[in-house]
Amino acid sequence: MRPTWKDLPAEVRRAVEELIGGPVVHAENCPGGFSPGFASRLTRADGERRFVKAIDAGTWPHEVDAYRTEANVGAALPESVPAPRWLGGHDDGRWCVLAFEDVDGAAPGPTPADIRRVVEAAANLAIPSPIRLPAEHPRLGGWADLAADPARVAGLRRHAPWAAEDLPRLVELERDGIEAARGNSLVHGDLYPHNILLTAQRVVFVDWPHARLGAPVIDLVTFLSSVAAAGVDPEPYVPTDGAVTEVLAAHAGFLLAGGLAAGATPIIEAKLHLGRGALAWLETRL
């Protein structure tokens with residue numbers, strides 16, 4: 001239920017058209033992702049297309065910080081990073097707008113060719129970060145919190161009895177994983193298929209609000225967890241074993257702690273689905 005182009009206030013539409021360099025003659029809403037904000041491919045009168053996302057801070061006060069963070073990261077990323085080119089932003093305190101080049105691609109499928117392309121692109125991203133970023137990793141770890149919640153332990157027992165019985169070991173593994181995740185490389189931090197676009201020539205990583213300094217293994221584990229959730233064995237695509245098991249344990253903890261929380265929102269359901277994939281992969285490694 002994203003807002004459409006016509007739903008945006010007139011002054012926001014004018015700001016968008018200034019950002020993209022011309023009047024909008026066609027808008028194609030993008031259905032994917034979990035944000036409630038506007039996200040659309042906008043075509044100008046000259047036929048050129050741009051991607052724009054926007055959110056109303058008054059309606060979604062807890063979401064707008066992610067947009068502002070993404071704007072800062074998008075503006076700072078050099079062209080050498082496989083990300084959409086930043087075109088500019090607009091923030092009037094109420095509406096936060098981000099404009100990027102439009103990438104005419106599709107999310108990778110769980111096929112050998114697509115998996116190899118993404119793994120190779122993620123490996124090429126393993127460079128010292130060209131921009132300043134936070135070093136903590138709030139999207140790793142969760143087993144300790146889950147273990148202290150009887151309701152979530154009961155839920156875990158339904159999905160993976162072995163994990164419920166082995167919680168102390170998982171808590172210890174995730175501590176090692178969080179330590180192993182430290183580093184000075186540029187890490188996307190949310191490298192799931194819905195944040196990846198494949199074209200004939202390019203692999204492009206989109207949506208960067210969770211970017212961090214860290215170890216490249218974080219992005220590898222994140223993507224290959226989604227491969228496991230799709231029912232494909234990730235092991236043939238693991239180029240190195242350096243701390244994969246430990247970081248995978250921390251990643252699975254984050255997903256399951258969120259996926260077994262009370263409620264049935266799309267993001268909770270997605271975390272549970274991905275968490276079960278990560279946990280199945282972790283079980284084979286243990």
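Which residue's side chain meets that of Arg 68 in a salt bridge? I looked this up first in the model, which is predicted. The partner is Asp 91, at 2.7 Å from N to O. I then checked where the two sit. Arg 68 is in helix α2 and Asp 91 is in strand β4 (residues 86–91). They are 23 residues apart, and the pair links distant parts of the chain. I found Arg 68 partly exposed at 27% relative accessibility. Asp 91 is partly exposed too, at 40%.

**Entry: Lys 53**
I turned to Lys 53, which forms a salt bridge with Glu 70. The closest N and O atoms are 2.9 Å apart. Lys 53 lies in strand β3 (residues 49–56), Glu 70 in helix α2 (residues 64–76). Lys 53 counts as buried because its relative accessibility, 9%, is under 20%. Glu 70 is buried as well, at 4%.

**Entry: Arg 50 and the count**
I noted a salt bridge between Arg 50 and Glu 48, with 3.4 Å between the closest N and O atoms. Arg 50 is buried at 14%, whereas Glu 48 is partly exposed at 38%. I also found a network of salt bridges linking Glu 28, Arg 41, Arg 49, Asp 102 and Asp 104. The count of salt bridges comes to 17.

**Entry: Leu 170**
Is Leu 170 buried or exposed? I read 0% relative accessibility, so Leu 170 counts as buried. Leu 170 is in helix α7 (residues 167–180). Beyond its neighbours within four places in sequence, I listed its contacts: Trp 143, Trp 162, Ala 163, Leu 282 and Leu 286.

Notes. Residues numbered from 1 in each chain as written. Predicted model: local features only at pLDDT ≥ 70, side-chain atom pairs only at ≥ 80, totals over all residues. Heavy atoms only, no water. Helix = DSSP H or I, 4+ residues; strand = E, 2+ residues; numbered from the N terminus. Buried < 20%, exposed > 50% of the residue type's maximum accessible area, 1.4 Å probe, protein only. Contact = heavy atoms within 4.5 Å. Salt bridge = Lys/Arg side-chain N within 4 Å of Asp/Glu carboxyl O.
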